[in-house]
Structure formats: structure tokens, C-alpha cells
Amino acid sequence: MTKRLRALDRVLVTLETYAVGVLLIAVCGVVLLQVLMRYLFAWPNPWSEEVSRFCFIWLSLLGASLAVARRSHFRFDQVTGRLPPRATKAVETSAAAVVLLFALLLIGTGIALMDLTMGERSAALNLPLALVYAAAPVSGVLMVIHLLAGTSTAEVG
């Protein structure tokens with residue numbers, strides 16, 4: 001089971017990394033286009049603000065999931081580095097529990113928001129707003145998988 005979970009985790013991290021890269025390029029490109037259209041041609045795009053905002057939301061939440069996978073969230077290394085090994089392990093376990101609770105909150109809240117906005121559409125693009133709010137539960141599920149894969153990796157190796 002742990003080999004499959006680690007393999008799934010590696011695949012998901014690869015997909016997330018590519019998705020974050022594409023979203024970052026999209027945000028930069030759309031914002032640059034918006035600035036050029038507004039200031040050079042005096043014609044702002046009505047859709048560019050929505051595209052950049054929606055991409056940025058997905059980018060942020062997928063980036064948070066990648067940070068969980070890489071264990072690169074903000075930590076107090078100066079404090080935990082001075083603790084004895086047992087205390088360090090307890091702090092790391094507590095931090096993982098907090099991240100797990102946050103991920104579960106993201107899943108539950110995201111699903112509730114998707115349910116609330118299921119019939120609503122965005123103003124400029126006419127996209128279902130539930131697609132934007134889907135970033136929260138997707139990110140939460142990915143965080144849970146990364147946490148479980150990290151836990152199994154720590155136990156095995």
C-alpha cells in the first residue's frame with residue numbers, strides 16, 4: 001500500500017508542478033496583455049481580470065498543496081533545531097495534524113461553497129463559479145494525500 005501511495009504522490013506532485021507552472025505563465029501573460037491593451041490601445045479586456053483572478057486562485061491553492069508535499073511551509077527551524085529529537089518529532093506530528101485539519105476544512109468548506117454557487121456564472125467569462133471554488137476541495141484532497149504519503153515515507157524509510 002505504501003509503495004502505491006508514494007507512486008501516486010510522485011505522479012500528483014509532477015502534475016501539480018506542471019499545472020502551477022502553466023497557471024503562473026497564464027497569470028503573467030494575461031496581466032501583461034491587460035496592461036498593454038489598457039495603456040497602449042485604450043481598450044481594456046473585459047475578461048482578463050477574471051481569467052487572472054481565477055488562475056491565481058487555483059495557482060495559490062495548488063501551490064499550498066505542493067508546499068505540503070515538499071514540507072516547505074513556514075517552520076521555526078531555530079526553535080525545533082534546539083529541541084531534543086523526541087520533542088522535535090512531537091512538534092512535527094502536531095504540525096502535520098494541524099495541516100490535516102486545515103486540509104479537511106478546505107475540503108468541507110470548498111464542497112459547501114461549490115454547492116452554494118452551482119447555478120451562478122461569472123460575469124465576463126460566463127463560467128460556472130463552482131469551478132473556481134473547486135480549487136479548495138481539490139487542494140485539500142491533494143494535501144491529505146501528500147500528508148499520508150509523507151507519513152508512510154517517514155515510517156518506511
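**A first look at the helices and cores**

Setting aside neighbours within four places in sequence, Cys55 is in contact with Leu23, Ala26 and Val27, where contact means heavy atoms within 4.5 Å. This is a predicted model, in which local features need pLDDT of at least 70 and side-chain atom pairs count only at pLDDT 80 or more, while totals for chains, interfaces and linings use all residues. Residues are numbered from 1 along each chain as its sequence is written, and side-chain values use heavy atoms, with hydrogens and water left out.

**Nonpolar cores**

- Cys55 turns up again in the largest nonpolar core, which has 15 residues: Val20, Leu23, Cys55 and Leu62 touch the most other members.
- A nonpolar core here is a set of buried Ala, Val, Leu, Ile, Met, Phe, Trp, Tyr and Cys residues joined through side-chain atoms within 4.5 Å.
- Buried means under 20% relative accessible area, exposed means over 50%, and partly exposed is in between (1.4 Å probe, protein chains only).
- At least two residues of this core come from each of H1, H2 and helix H6 (135–156).
- H1 gives the most to this core, with seven residues.
- There is also a second, separate core of nine residues, and Val68, Ile107, Val144 and Leu147 are among them.

**Helix H2**

- Helices are DSSP runs (H or I, at least four residues), numbered from the N terminus.
- The 22 residues of H2 should span 32 Å at 1.5 Å a residue, and its end C-alpha atoms are 31 Å apart, which agrees.
- The expected span is 1.5 Å times one less than the number of residues in the helix.
- After H2 comes Arg71, with a positive phi near 55 degrees.

**His146 in helix H6**

- Is His146 buried or exposed? His146, which lies in helix H6, is buried, with a relative accessible area of 1%.
- Not counting residues up to four places away in sequence, His146 touches Asp9, Leu12, Val13, Glu16, Ser65, Val68, Ala69 and Arg71.

**Loop residues with positive phi**

- Most residues other than glycine have a negative phi.
- Ala42 is not a glycine, yet its phi is positive, at about 55 degrees.
- You will find Ala42 in the loop between helix H1 (2–40) and helix H2 (48–69), and at 64% relative accessibility Ala42 counts as exposed.
- Asn126, also not a glycine, has a positive phi of about 60 degrees.
- Asn126 sits in the loop between helix H4 (85–116) and helix H5 (129–133), and its 45% relative accessibility makes Asn126 partly exposed.
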